[in-house]
Amino acid sequence: MPHPPSFADHRPEWTLRTLPRGWARGAVWLVLGLAACSSPPEETTLAEPAGTVSREAVAPDRAPLLVAAEAGLGVTFRHDAGADGGMRFPEMMGGGVALLDADGDSDLDLYFVSGASPNQLFLQETPGQFVDRTEVSGLGDTGYGTGVAVGDVDNDGKQDLFLSNIGPDRLYRGLGGGRFEDVSAHAGIGATGTEADDWSTSAAFCDVDRDGWLDLYVVRYVVYDPTVTCTDATGRREYCGPDSFEDRGDVLLRNRGDGTFVDITNSAGIEAATGAGLGVVCEDLDDDGWVDIYVANDGDPNQLWVNQGATRDGVRFVDEALILGTSVNAEGLQEAGMGVVAADFDNDADFDLFLTHLRDETNTLYRNLGQGTGFQDETRRAALGTASTPFTGFGTAPLDLDLDGDLDLVIANGRVKRAPPLTEDLDEPWRWFAEPNQVYGNEGGIFRLLESEVAAFTTPIEIGRGLACGDLDQDGDLDLVLNNLEGPARLYLGQPDPEHHWLVVDAFDPRLNRRALGSRITLRGTHGDQVRSIQSAMSYLSSSDPRAHFGLGREAGAVEVEVRWPDGLEERFGPIEVNQAVTLERGTGQ
């Protein structure tokens, strides 16, 4: 069986970290001081013993919000870590998944990233049925795969894919009809992973300089040395963690508009910090009209790259994570960031940040205080801490499962270190790493673990990694696609209250001939406003359907929608009838 790359001529390009992890933790604590992290209120729920699953007591007859797709709707993908007993670090990290319209027929297709085996594309050729079209698509990339990002880099109206690997990364240009060509060399994408020890993870397309062309931010993890091995306290071989390797610096590539990219990492200021990066989101977090970039680091302080705007010398970013309160948690401790999302969880018209973390740490919610003033760790206040402590979270997604107007949370869990098995259904050594997934229902900003209505998603005990969401069956609610480590892909279909209404909004810029990634969508309803953005990069290594999805509860009347386009133009559309998917075109609103 193939396995992660073992590079005989390994020549690590050692980069200088700002501070070793242990030193950085102490330095951050000194900078923050006690005043910066006054104890937030304790959660009202009682702590569960470590290793148990905290559940909400629910009525057994409550209707399901998620159901497992029958026979996977034809999806037969199974992730291959390439494990051969050597317990190499990359085997544990898993792969991402992307939801995209790969063939231009207006429904969502699925692309899965494997490790040691080729990636696979499944086209939805008939409603609710997927067919493996990897061979004819040209997307069967054979690198040791990690993540995937989706965007139209040449403004031709077709979706393109960036694939992050251990080793050279790849850019595939969409040709139409579900066919793609490798344009990595021409585009200059190979610069993000030219050496065998380069390890790229998550990536995001976003227009950082507002010139109409999608740029590319690539998160990188560590300088991987396959000769490094690790053991546990008993001397047994164990998977290493990032502390065993040197951190990598991330890469920012500017789209020239001619099919090529140029590396602006240094000139943009991104080289100012390194970290073992795993997750990334592009979002205007300070509401100044320029997209910012937030990176979740594994064991290092997180980075919030605040966009200073385009100048004669180009675009410039400054890392303000420490100042704005998103570098570490309320206790001043850096955590093992895996997945990350930016979403408005409290319906106050700005974007909060939610991160998944390692066992014995809590997942973390940073609430946006608004007007560029910063963030506050409200994990405990939102009741998101206690139940997450026994688990290791990776993929995550914000979605309104019950269509009641606020965003719920789904989390894919799976260990990275051995612990007493919770299942005997998996082979060695994987049963030691499997965990159940979790779903939190949002009740006015307080989150409660759901049970019976999401049992299809939370009952299986597997090793969750990449997670993405989108309306696969075009019925108005969001569905989930999960890429399990060394296991089969899972599809879960949403089943909300049939009396609740919805609206799906896309944003199209005819000047660019493509979807306007980065647009901010505000829905004005009789029961309050909701804000979403047109963005696909989120979660862990994955790419979701970028369209804005709104749950409206029992609000059945027409609504108005406001769009702030990436270049700053604001337009109002409406009235728009609910229970439909609409595409709003720049220049046709008020």
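A disulfide here is a pair of cysteine sulfur atoms within 2.5 Å. With that in hand, let me start with the cysteines.

First, the ground rules. This is a predicted model, where local features need pLDDT of at least 70, side-chain atom pairs count only at pLDDT 80 or more, and totals for chains, interfaces and linings use all residues. Residues are numbered from 1 along each chain as its sequence is written, and side-chain values use heavy atoms, with hydrogens and water left out.

How many disulfides does the structure hold? It holds 1. The bond runs from C230 to C240, S to S 2.1 Å. The torsion about the S-S bond is 105 degrees, and the link of C230 and C240 is right-handed. C230 is in strand β12, while C240 is in the loop between β13 (237-238) and β14 (251-255). They are 10 residues apart. Helices (H or I, at least four residues) and strands (E, at least two) are DSSP runs, numbered from the N terminus.

Are C230 and C240 buried or exposed? Both are buried. Buried means under 20% relative accessible area, exposed over 50%, partly exposed in between, with a 1.4 Å probe and protein chains only. Two other cysteines are worth a line. C282 is buried, at a relative accessible area of 2%. C469 is buried too, at 6%.

Now the rings. Rings of Phe, Tyr and Trp (its six-membered ring) pair if their centres lie within 6.5 Å; planes under 30 degrees apart are stacked, over 60 edge-to-face, the rest tilted. The count comes to 13 aromatic pairs. Take F89 and Y221. Their ring centres are 5.7 Å apart and their planes stand at 40 degrees, so this pair is tilted. F89 is in the loop between β1 (66-68) and β2 (97-100), Y221 in the loop between β11 (215-220) and β12 (230-231), so the pair ties together parts 132 residues apart in sequence. F89 and Y221 are buried.

Next, W199 and Y224. Centres 5.8 Å apart, planes at 80 degrees, so edge-to-face. W199 sits in the loop between α3 (184-187) and β10 (200-206), Y224 in the loop between β11 and β12, so parts 25 residues apart in sequence are tied together. W199 and Y224 are buried.

Last, charges over rings. The rule: NZ of Lys or CZ of Arg within 6 Å of the ring centre and within 35 degrees of the ring normal. R236 has its charged end over the ring of W432, 5.7 Å from the centre. R465 lies over the face of F394, at 3.8 Å from the ring centre.
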